Amino acid sequence: SEHKEQLQEKYAAQMIAGLGVDQIMRRAHRLHRLHKYTSSLQFFRQALLMTSDPEQVYIQMGDVYAQQGSLDQAVALYQQVLTTNPRAVAPKRKLGTIYLKQGRTDLAIEQYEAVLAKTPDDIEAHYYLGNIQLAGKELASARRHYEAVLNTDPSHFAARRRLQAVMELMD
């Protein structure tokens with residue numbers, strides 16, 4: 001497996017030579033979609049060396065690490081974005097999701113609330129906060145979050161189903 005990764009890295013390095021940053025990013029995305037994470041990350045690393053705006057590259061690399069299951073590395077990259085751009089919403093949303101997966105509910109809540117402070121209609125933040133509140137039996141709060149999701153996206157099936165469950169529990 002290590003030999004295979006070395007061959008993939010060598011092949012990626014040959015493919016990168018002479019490409020512009022946009023082409024490198026497209027190839028990195030394509031490799032990511034194909035679950036070729038090592039090669040994808042190599043392309044992203046090269047894009048980092050060439051771009052004057054690394055924020056999106058860090059976010060995309062974090063996504064690759066998160067999908068790969070390397071959550072601590074993903075967290076580090078999302079936090080890197082927030083170090084240079086504390087107002088960025090996407091990394092906060094992504095951190096919330098990772099913290100939930102890690103069972104770090106307080107940190108997830110903190111991130112989702114920070115998202116809502118910037119974008120009050122954020123569907124994902126409301127949905128996950130609703131789930132957290134439902135799990136904690138805080139039904140009124142869960143209800144408000146699910147209703148906020150449905151106000152923005154009336155076709156959100158999961159939120160509608162969860163809201164029904166909350167309403168049944170409240171009766």
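Q: What is Y58 in contact with, leaving aside its neighbours within four places in sequence?
A: Contact means heavy atoms within 4.5 Å. By that test, Y58 is in contact with L48, L77, Q80 and V81. Before we go on: this is a predicted model, where local features need pLDDT of at least 70, side-chain atom pairs count only at pLDDT 80 or more, and totals for chains, interfaces and linings use all residues. Residues are numbered from 1 along each chain as its sequence is written, and side-chain values use heavy atoms, with hydrogens and water left out.

Q: Why is Y58 called partly exposed?
A: The rule is this: buried means under 20% relative accessible area, exposed means over 50%, and partly exposed is in between (1.4 Å probe, protein chains only). Y58 comes out at 21%, so it lands in the partly exposed band. You'll find Y58 in helix α4.

Q: Is Q60 buried or exposed, and how do you know?
A: Q60 has a relative accessible area of 17%, which is under 20%, so Q60 is buried. Q60 lies in helix α4. Skipping neighbours within four places in sequence, Q60 is in contact with M25, H29 and F44.

Q: What makes something a helix here, and how many helices does the protein chain have?
A: Helices (H or I, at least four residues) and strands (E, at least two) are DSSP runs, numbered from the N terminus. The protein chain comes to 10 helices and 0 strands.

Q: What makes a group of residues a nonpolar core, and which members touch the most others in the largest one?
A: A nonpolar core is a set of buried Ala, Val, Leu, Ile, Met, Phe, Trp, Tyr and Cys residues joined through side-chain atoms within 4.5 Å. The largest one here has 35 residues, and F44, Y78 and I98 touch the most other members. Its largest share, 7 residues, comes from α5. A second, separate core has 11 residues, including L139, L150, A158 and A159.

Q: What is F44 in contact with, leaving aside its neighbours within four places in sequence?
A: F44 is in contact with M25, A28, H29, V57, Q60, M61 and V64.

Q: Why does D121 count as exposed?
A: Its relative accessibility is 56%, which is over 50%, so D121 is exposed. D121 sits in the loop between α7 and α8. Even out there, beyond its neighbours within four places, D121 is in contact with H126 and T152. D121 and T152 are 31 residues apart in sequence, but their C-alpha atoms are 6.7 Å apart in space.

Q: How do you know that the length of α8 agrees with what a helix should span?
A: The expected span is 1.5 Å times one less than the number of residues. For the 13 residues of α8 that gives 18 Å, and the end C-alpha atoms are 18 Å apart, so the two agree.

Q: Which kind of aromatic pair do Y127 and Y128 form, and why is it called that?
A: Rings of Phe, Tyr and Trp (its six-membered ring) pair if their centres lie within 6.5 Å; planes under 30 degrees apart count as stacked, over 60 as edge-to-face and the rest as tilted. The Y127 and Y128 rings are 5.5 Å apart, centre to centre, with 70 degrees between the planes, so they pair edge-to-face. Ring pairs also link Y112, Y127, Y128 and Y146 into a cluster.

Q: Are Y127 and Y128 buried or partly exposed?
A: Y127 has 11%, which is under 20%, so Y127 is buried. Y128 has 27%, so Y128 is partly exposed.

Q: What is positive about K137?
A: Its phi is near 60 degrees, a positive value in a residue other than glycine. K137 is in the loop between α8 and α9. At 62% relative accessibility, K137 is over the 50% mark, so K137 counts as exposed.
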